[in-house]
Amino acid sequence: MTAIAIVGAGPAGFYAAEALKLADDRLDIHLYDRQPVPFGLTRFGIAPDHQRLKAPAQVFQRIGSQPGVRFIGDVEVGRDLGLDELRSAYPAVLLTHGAQADEDLSIAGAAPGQVRAARELVSWYNGVPDVPAGEFDLQQENVVVIGNGNVAIDIARLLCRPVGELAATDVSDRALAALANSRVRRVHLIGRRGPVQAKFTTRELRELGELPGVDLRVDQAALQLGAACQTELAHPSAEAAQRNLELMRGWAQRQAGAGARRELQLHFGLVAEAFEQDAQGQSHLLLRRMRMDGAPFAQSPRPTDEQVRLRCDLVIASIGFRVTSLPGLDLRCAPGLPNDQGRVLGDDGMPLSGLYVAGWAKRGPSGVLGTNRGCAQETVQSMLADRSRWRQPPQDAIAHLLARLSGGRMRPVAWEDWLLLDELERRAGSAQGRPRVKFDESAALRDALARAVSGVLPAAAE
Ligand code: NAP
C-alpha cells in the first residue's frame, strides 16, 4: 500500500485526490487540513449568495467518501506537525495549501482597524471557525472597497444585498446579525486602472446592476477611453472587457432610483493616499487621480495633479492574495511555489524529491474553481511519472505519525466526523429554509462531535 499526503483539503487537493485514485485505485490519499472541515475555498471563499458555484462540493464529497481517501482535519502543518515529518512518513507529499497571505495596503493617517483585508471580511461572513462575532459591526455608513477583481465585487455585493436574501443562504450567523443591523449606506468600488483593465468577470459585474434597492452609479468620464485603451478593447482577447464596458455605459445613463437603500459607485483610475478628519471629526479618504500611460497592453497608471476626496469610514483592501511557503520550506513564491509541472523546485532549480504542488500554491491566486482540476491533473501526471523514484519510508511511519496526532492537542477530525457535522448543518439549515447553518465555532463543533461519539446525537447545530 502506498499513501500520499496532500496538505490542504480544498478544490486542488480534492481534484488531485480524484486524479490519483483514477490513476491507481490502490493508492491511499491522506488529506490534511488546518480547518476542522473540508473543502477550503468552496466553503470559505465562494460568496454565500453564490450557492450554485459551490456545486463542486458534491463532487468533493464523493471523492472524500471513496475507500482509501482519508480526511485529517484540524491539523496544521507547521504547527501540529512539521513538513519534514510528513515528508519522512510519506513517499510523496502534495502541497495544495492555497494563498495564505494578503497583499499589503497601507494608507497614511488610517486609524487602527480602518483598513481591513478582504480575507478578514470574507472569513467572517463565510463562517471560518473562531473569527470573533464582532469582527465587523458595520455601523459605519461609508465603505470603500479597493480592487477591481471578483473578490472586490463579492464584497461590494454582500454589503449591498438585502439582508432578507442573505438570510436564505449559508452566510455565517454572526455576519447575518451584523448585516441585519448594518448602517452601511454608501459603497465605493475603486480600481487603480481603467474599466478596460478591470479583472472582474461580466457575470459578477452584471449582478451589481440587479441588486434591489441599490442606486448604482458609474462616472461617465471614467468610461471615456484614450487611444491605447480603445486599441486594447478592440482586441479579440478583450471580449469580457467589451461586455463590461457595455454594461457600465448602460448604467451611466441610469437615473438615480428614488428611495434606494444603498448607493454603490464604481470608480476607476484612483489610488488611495491618505485619510484625513474634517472639523466634525468625520473621516475622508484622499485619492490620487491616475491616467493610463504607455503603449497598448503595456500601460501603467501614472499620478496626475488631481485629488478626489470621499467620505470613508472603512476601507476593505481587496487587492489580491499571496502564496507563502510552508514553515520548513524556505522558498520564494512568485506568484506560486517554484515548480516544474507541479514538481517543487529547490533554490538550485532542481526538483525536491517527492514534493509537489497544485492549485493557487502552484500558479498564484488566479482562475476559477474549475481551473484547479486541470492544474491538479498536470501535477498528478508528474507524480505518477516519478513514482518509481520515490523513497520508501518505513512501513509504520504513517501509523506512528497519526497516533502522535491523535494523542496531541486535539483529536484530528475524520471524514466520518465531517459527514456527521454536514448532516447537522444541513438539518439546522432546512429548519430555517437555508442550505445549511455552518458551525463557526470550533468549541461548538467539537461539542457536537463529542456528544455524537458518546451516543447523544445533537438535535441540530445552532
Ligand atoms: P484579482 O482578480 O487579481 O484582482 C485584484 C485587484 O486588486 C486588481 O484589480 C488589481 O489591480 C488590484 N490591486 C492590486 N494591487 C493593488 C494596489 N496596490 N492598489 C490598488 N489596487 C490593487 O484578485 P481577487 O479579486 O482577489 O481574485 C482572486 C481570484 O479568485 C481571481 O482569479 C478571481 O477571478 C477568483 N474569484 C472568482 C470568483 C467567481 O468566479 N465568482 C469570485 C471571487 C474570486 P491591477 O489589475 O491594476 O493589478
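An open sheet of 3 strands has the order E11-E12-E13 and is paired in the antiparallel sense. The structure is a predicted model, in which local features need pLDDT of at least 70 and side-chain atom pairs count only at pLDDT 80 or more, while totals for chains, interfaces and linings use all residues. Residues are numbered from 1 along each chain as its sequence is written, and side-chain values use heavy atoms, with hydrogens and water left out. Helices (H or I, at least four residues) and strands (E, at least two) are DSSP runs, numbered from the N terminus.

**The antiparallel sheet**

- At the edges of this sheet stand strand E11 (270-277) and strand E13 (300-311), each of which pairs on one side only; two strands count as paired if DSSP finds at least two bridges between them.
- Neighbouring strands of the sheet are turned by 20 degrees against each other on average, direction ignored. Axes here are lines fitted to C-alpha atoms, for helices over the stretch in contact, and angles run from 0 to 180 degrees between N-to-C directions.
- E11 is joined to strand E12 (residues 283-293) by 7 bridges, and the two run antiparallel.
- Ala274 has Leu286 in E12 as its bridge partner.

**The parallel sheet**

- Another open sheet has 6 strands in the order E6-E14-E7-E8-E10-E9, with parallel pairing.
- Its edge strands are strand E6 (115-117) and strand E9 (214-218), and each pairs on one side only.
- On average, neighbouring strands of this sheet are turned by 20 degrees against each other, direction ignored.
- E6 and strand E14 (residues 314-317) run parallel and are joined by 3 bridges. Ala117 stands opposite Ala317 in E14.
- Five of the 6 residues of E10 are buried, so this strand is largely enclosed by the rest of the structure. Buried means under 20% relative accessible area, exposed means over 50%, and partly exposed lies in between (1.4 Å probe, protein chains only).
- E10 pairs with E8 in the parallel sense over 5 bridges, and 5 bridges also join E10 to E9, again running parallel.
- Leu264 in E10 stands opposite Val187 and also opposite Leu216.

**Helices on the parallel sheet**

- Helix H5 (residues 118-125) packs on the sheet and touches E6 and E14, its direction making about 65 degrees with that of E6. Contact means heavy atoms within 4.5 Å.
- Helix H6 (residues 150-160) lies across strand E7 (142-146), strand E8 (186-190), E9, strand E10 (262-267) and E14. The direction of H6 is at about 170 degrees to E8.

**The pair of helices H1 and H3**

- The axes of helix H1 (residues 11-23) and helix H3 (residues 56-64) come within 10 Å and cross at roughly 50 degrees.
- That angle makes H1 oblique to H3. Angles under 35 degrees count as roughly parallel, over 145 as roughly antiparallel, 65 to 115 as roughly perpendicular and the rest as oblique.
- H1 passes H3 in a left-handed crossing; this term applies if the near helix is turned anticlockwise from the far one by less than a right angle, and right-handed applies if clockwise.
- Pro11, Phe14, Tyr15, Ala17 and Glu18 of H1 make the contact with Pro56, Val59, Phe60, Ile63 and Gly64 of H3.
- By class, this contact has 8 nonpolar, 1 polar and 1 charged residues. Ala, Val, Leu, Ile, Met, Phe, Trp, Tyr, Cys and Pro count as nonpolar, Asp, Glu, Lys and Arg as charged, and the others, Gly among them, as polar.

**The loop residue Tyr90**

- Tyr90 lies in the loop between helix H4 (83-89) and strand E4 (92-95), and it counts as buried at 0% relative accessibility.
- Leaving aside residues up to four places away in sequence, Tyr90 touches Ala3, Ile4, Ala5, His30, Tyr32, Arg391, Pro393, Ile398 and Leu401.
- Tyr90 and Leu314 are 224 residues apart in sequence and 46 Å apart in space, C-alpha to C-alpha.

**Backbone features in loops**

- Most residues other than glycine have a negative phi, and most peptide bonds are trans.
- Phe39 has a positive phi, near 95 degrees. Phe39 is found in the loop between strand E2 (28-33) and helix H2 (40-44) and is buried, with a relative accessible area of 5%.
- Gln341 also has a positive phi, of about 50 degrees. Gln341 lies in the loop between E16 and strand E17 (343-345) and counts as partly exposed at 44% relative accessibility.
- The peptide bond from Ala334 to Pro335 is cis, with omega near -10 degrees. Pro335 lies in the loop between strand E15 (321-322) and strand E16 (339-340).
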